[in-house]
Amino acid sequence: MDVLIAVALMALLFILLGSGLWIGLSLLGVAYIGMELFTSRPVGDSMMLTIWGATSSWTLTALPLFLWMGEILFRSKLSDDMFKGLAPWLDRLPGRLLHTNVVGCTIFAAISGSSAATCATIGKITLPELKKRGYPDDIAIGTLAGAGTLGLLIPPSIIMIVYGVAANVSIAKLFLAGVLPGLMLAVLFMGYIMVWALLNKDKVPAADAPTTFVQKLHASRHLIPVVSLIGLVLGGIYSGIATATEAAALGVGGALLLAKVEGSLNWTRFKEGLVSACRIYCMIGLILAGAAFLTLAMGFIGLPRHLAEFIGALQLSPFALMLLLVVFFIVLGCFLDGISMVVLTIAVLLPTVEAAGFDLIWFGIFIVLVVEMAQITPPVGFNLFVIQGLTRREVTWIARTALPLFFLMMVAVLITYFVPDVVLWLPRHMQG
């Protein structure tokens, strides 16, 4: 009977999502129908209390602040300055300026929190420049698609905030846990570019005129504002001086100040950034509210308990469970965005994950890595859509160019499983 109820509710959810109804409203609708038909609980009271509890969390206030910070920087000249500061240092590596995709995304991810914003911002800077200099489109676009996902992993990360709220774990520790895996993934991407360049020397344009060390240092002055903002946000969290929410407020203040100093902040851009951040947060907030109510409804019906019992009855080893979850999230990512995936599944999966002995901080980073993989898998890979808007290429072609980086993310998942200290070392040593 429980299986039939679960199948019916999932079918209803996909019908509503396929109809074009907003994700948050689809979740609320399925939860309402499920509670009305299969429980004796008062639906109206439960819905009101759950939505209020899901959207009034103080921890959640970090989310709109980080969104706003990313919008401010997206509309400023700081992103252009970043390319000017990086290019002289990367021109002598195998692959040369292709590395600006990875390093640029790594740096911008540390002040954005959004994969789409990271991909769009860096893509607008690097793709025209790389095309003008003669770099092949496939490697330039593929590395951008993969590296853009670092916006989810390198803190501050919007999806980590959502996971932290849903799983009731420290967001500050999650932020710290994402640092080393994010840097490791960036190194893997750069290693791939180097190997590709050594195997395809005829496709790599000649290097620019050599620059002296002093000239490189002079060009690096363009990186000072961005690095200062990263230090302000992450330094406040790591030192224990500021919570994630307080660091987000500091980041917004710092971004506004930098944009004003460099002359790109005016009333129009200020208003556009604020409105865009509010619009995105309202979308996420509605999804969180709908998912919270759906989680409550599923709990009353008893589906999470039966699912946990089913997975437990499989007697899977932790490694087999991890591989099963990778497949599960990648398939789910073909139909849902990352935030929806997290809020829909966390409450159901946490009992099983804890029973298997996984650390919840580690599991948060694991989920982010797998959601990153889903960002470059069709048909609903958000980074693919962003790059399609920049390049007018087919989504399937972009997905093929990003396929090697998809496999590198799988390698990163395996490394974090077998060497969990890659994730947990920094949180263990967090001060304050």
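Where does Asn-168 lie? Look between two helices. Asn-168 sits in the loop between helix H10, residues 158-167, and helix H11, residues 171-199. Before I go on, please keep in mind that this is a predicted model.

Let's stay with Asn-168. Its phi is near 60°, a positive value in a residue other than glycine. Why point that out? Most residues other than glycine have a negative phi. And is Asn-168 buried or exposed? Asn-168 is exposed, because its relative accessible area is 71%, and the cut-off for exposed is over 50%.

Now a second residue with a positive phi. Arg-96 has phi near 45°, and Arg-96 is not a glycine either. Find Arg-96 in the loop between helix H5, residues 78-90, and H6. Arg-96 has 23% relative accessibility, so it counts as partly exposed.

Step along to helix H6 itself. H6 covers residues 99-112, and His-99 lies in it. How accessible is His-99? Its relative accessible area is 0%, so His-99 is buried. What is His-99 in contact with, leaving aside its neighbours within four places in sequence? The list is Leu-90, Leu-93, Pro-94, Gly-104, Met-190, Ile-193 and Met-194.

First, helix H17, residues 318-333. H17 has 16 residues. From first C-alpha to last, H17 reaches 22 Å, close to the 22 Å expected at 1.5 Å a residue. Which residues of H17 are buried? They are Leu-321, Met-322, Leu-325, Val-326, Phe-329, Ile-330, Leu-332 and Gly-333. Look down the axis of H17. The buried residues fall within an arc of 165°, so they line one face of the helix. Here is the background for that. An α-helix has 3.6 residues a turn, so residues three or four places apart point the same way.

Now helix H2, residues 23-38. H2 has 16 residues and reaches 22 Å from its first C-alpha to its last. That is close to the 22 Å expected at 1.5 Å a residue. The buried residues of H2 are Gly-24, Ser-26, Leu-27, Leu-28, Val-30, Ala-31, Gly-34 and Met-35.

H2 also holds Leu-37. Is Leu-37 buried or exposed? Leu-37 is exposed, because its relative accessible area is 59%.

On to charges. How many salt bridges are there? The count comes to three.

Asp-137 forms a salt bridge with Lys-131, and the closest N and O atoms are 3.2 Å apart. Lys-131 is exposed, with a relative accessible area of 55%. Asp-137 is at 22% relative accessibility, so it counts as partly exposed.

Asp-137 has another bridge. Arg-393 forms a salt bridge with Asp-137, the closest N and O atoms being 2.9 Å apart. Which parts of the chain does this pair link? Distant ones: the two residues are 256 residues apart. Arg-393 is in the loop between helix H20, residues 382-391, and helix H21, residues 395-401. Asp-137 is in helix H8, residues 137-148. As for Arg-393, a relative accessible area of 30% makes it partly exposed.

The remaining bridge joins Asp-421 and Arg-428, with the closest N and O atoms 2.7 Å apart. Asp-421 counts as partly exposed at 38% relative accessibility. Arg-428 is exposed, with a relative accessible area of 53%. So what links the other residues? Salt bridges that share partners join Lys-131, Asp-137 and Arg-393 into one network.

Last stop: a distance. Find Ala-206, in the loop between H11 and helix H12, residues 213-219. Ala-206 is exposed, because its relative accessible area is 66%. How far apart in space are Ala-206 and Tyr-281? From C-alpha to C-alpha, they are 45 Å apart. In sequence, Ala-206 and Tyr-281 are 75 residues apart.

Conventions
Residues are numbered from 1 along each chain as its sequence is written. This is a predicted model: local features need pLDDT of at least 70, side-chain atom pairs count only at pLDDT 80 or more; totals for chains, interfaces and linings use all residues. Side-chain values use heavy atoms; hydrogens and water are left out. Helices (H or I, at least four residues) and strands (E, at least two) are DSSP runs, numbered from the N terminus. The expected span of a helix is 1.5 Å times one less than its number of residues. Buried means under 20% relative accessible area, exposed over 50%, partly exposed in between (1.4 Å probe, protein chains only). The arc is that of the directions from the helix axis to the C-beta atoms. Contact means heavy atoms within 4.5 Å. A salt bridge is a side-chain nitrogen of Lys or Arg within 4 Å of a carboxyl oxygen of Asp or Glu.
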